[in-house]
Amino acid sequence: QNEDKWDFVLVSDIHEMGSEKEIKRKKFLDELSKKGFTIKKIEDTKLFYGVRAPQHIFWKYQHLLTNPDSRQQNSNAQQDVPTTTRIRVVHFILQNTVTSDLEKLHDLMKKKVFEAAFPLHKKEEITKILKKKWARWRVLFKEQPIEEIRSYFGEKVALYFAWLGWYTYLLVFAAVAGLATVAAGATVFSSSQVSKEICDANNTIMCPLCDQNCSFWVLSDTCTYAKVTHMIDNEATVVFAMFMAIWATVFLELWKRERATVATSWDLNGWDDEEEELALQLINNPQHEPQRYQHSYFRSTIVLILAVLMIVVLIGIAHALVIYRAVAMALFMQSEVNLLSKHADTIAVMTGAVLHYLTIIIMTKVNWHVALYLCKLEKPRTFSQGENNFTVKIFIFQFFTNFSSLIYIAFFLGRINGHPGHYVRIAGHWRLEECHPSGCITDLFIQMAVIMLLKQTISNIMEYLIPWVTHQLRKKKKRPKKRSMMLGEEEEAEDPCKKQWLKNYELNEVNVFSLFNEYLEIVIQYSFTTIFVAAFPLAPLLALINNVIEIHMDAIKMMRLRRRMVPRKAKDIGIWLQVLEAIGTLAVIGNGLVIAITSDFIPVQVYKYMYSPCTRQNHTGMDCSTGYINNSLSVFHIRDFEPHTKVLPEFNGVQIKECRYRDYRNADDYTYTIQFWHIFAARLAFLILFEHVALCVKLIAAWYIPDVPQKVKNQILKEKYEHLCKELSVTEYSTEV
């Protein structure tokens, strides 16, 4: 019984009597006592103060926030305030209690008067259930106990896990489709004419990949890559990209239904964020004046300019990575080490991807501070408004951090680097890198694979290890030494609260952003899973494996490694829904662009229907893409090389006059051929068609699946009807009397 009494525990160092910190601490605790709080002090290596709020505070809360019609029925329901509500109310009052020096708990913590304030993990039936059914590795594929999570951590956390569970469940379908696409690529399309031609091209001599001491090479060297590329770059990918655009919409629509069901069963439809905050302010201070809405165009402009500057910096970092790859490629090519010079392009891409991963980690920290600073400039009115503003900013910054390099690889790489004899150079010296000889989609595939694998494995290991290690260290550090007993001294009885408070204090601290971080991580992962999925069909599978582990890792962190979160109420996942919808639209655009611009799908189709042997005579038994490779390579005369290019004109003992490169240019003056413009037009036409069809299908799916299930609508209707009937009978009764 004794343990359960305390709502919150405040921890402070033991300060000297009469010191400034001690006086400030006493002032704060006196303010709480004036409000009727019970305070209990336990001394150990630190001072622990247990606080318990008086019952009348919760009665006020219930009275202010209960529906008027449910008030008459249960006037005796004043005893049972859920623990989550108790903690939330007490937390609000602690944070907003002002001492006579006009300082709040937040200021006192900055000045090290108090070190921590947290609600307790208590030994109750529900903690046992959660630890058994949820916060352990053995129950990986079991359903989550959402109701129990709600009654222990509050609605906000419960909704996060409900959403994550739902997303993971639907990822199964996307993962199966992705696997099917790769399988189709490996079987049906493995014998494709295009890769066969590359593998047979023993006599096609290609132009050197660098300026100094690079030899010519034969197209058939890239045979293995061509096969791999064709596994992800074929007709099946187009269907899969379309499928993923629809999947993203269906996922959100089904989630809206799920949320509506949950919100109704938890009776959240009438609940309002702002109203609760006002009620809590009034309970804390009856003279409280609400802060009015304000909007300053000047402030918004400043925030906008700073945000744009930040985005420019992030894009600049992506450019730096591009320059790194170009320079690294040139240096590796000239290296004495055979391994480096032979695989220079792959090594440059791989190290580039690792560097990209490191910039992501560093910039995440920077973005965080910038977004917080911008939010302070905006001066949001309420906490939830501030949270929404912060979410949008951090997401946009993180999006550019994660994706600007991928966007470059997908849409610019190999398209802006000129042609032999006239290359675009960085600082007039280094050639910009080109696409991989087997097609640009290979580069995107490698980059996506490296980032997703690194991001998920390393991030998950760190996410679990860091809290676990810090918890173990805190345990060792915080345990006091047992005092040796003096002769004849009676051992005083250990306070039952002391052990529990100490145990909670040893756990890692949580803050407002603990849940936010989890959301951000999954939403960025969702972007990877949908936006460039055409180049990496295995993304949903990796995301699925990650999420199954993530759910239980988060659960173990919350139950066993961290202090209890302050339960927050919410009726949906907030602004994240709009962010997910934006990603859904970006996914349509991104995948359309990948197929139209990055992949070789369109050039092959144009060749088949306009330039192949099939168009000239009727070859029924012939593959229409025969001769595509030869057609897609332009001819370059060696005499036109730039003067400073050092190339060995001999290759395998043969004197070489001309070499080939990937582009559609004339052999005499190197201008674009008519076929280049045909392909360009076809790419644009496909892009417009794909996006319009995909967006129409998205709209139809959104219309077809109602946001709120019939059952829920009928239940709300029934409640309204009963309420009105009751009101009517009351008025009729009073008029008769």
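Guide: Start with the domains. The chain is divided into domain 1 (8-120), domain 2 (154-286 + 296-475 + 511-602) and domain 3 (710-736). Keep in mind that this is a predicted model.

Visitor: How far apart are the centres of domain 2 and domain 3?
Guide: They are 50 Å apart, taken over C-alpha atoms.

Visitor: Where does UniProt place the feature "transmembrane region"?
Guide: The unreviewed entry gives several spans, including 157-186 and 523-552.

Visitor: What is the helix share of residues 157-186?
Guide: It is 100% helix, and the end C-alpha atoms lie 42 Å apart.

Visitor: And residues 523-552?
Guide: That span is 73% helix and 0% strand, with its end C-alpha atoms 18 Å apart.

Visitor: New topic. How many salt bridges are in the whole structure?
Guide: A search finds 28. In one of them, lysine 557 meets glutamate 463 at 2.7 Å, N to O. Lysine 557 is in helix α20 and glutamate 463 in helix α17 (residues 440-478), so the pair ties together parts 94 residues apart in sequence.

Visitor: Is lysine 557 buried or exposed?
Guide: Buried, because its relative accessible area is 1%, under the 20% cut-off. Glutamate 463 counts as buried too, at 15%.

Visitor: Which residue does glutamate 387 form a salt bridge with?
Guide: Arginine 568, with the closest N and O atoms 3.5 Å apart. This pair links distant parts of the chain, 181 residues apart. Glutamate 387 is buried at 16%, whereas arginine 568 is partly exposed at 24%.

Visitor: Which residues are linked in a network of salt bridges?
Guide: Glu20, Lys24, Lys27, Asp101, Glu103 and Lys111.

Notes. Residues numbered from 1 in each chain as written. Predicted model: local features only at pLDDT ≥ 70, side-chain atom pairs only at ≥ 80, totals over all residues. Heavy atoms only, no water. Domains from an automatic or database assignment. UniProt positions renumbered as here; feature names shortened; annotations may be inferred. Helix = DSSP H or I, 4+ residues; strand = E, 2+ residues; numbered from the N terminus. Salt bridge = Lys/Arg side-chain N within 4 Å of Asp/Glu carboxyl O. Buried < 20%, exposed > 50% of the residue type's maximum accessible area, 1.4 Å probe, protein only.
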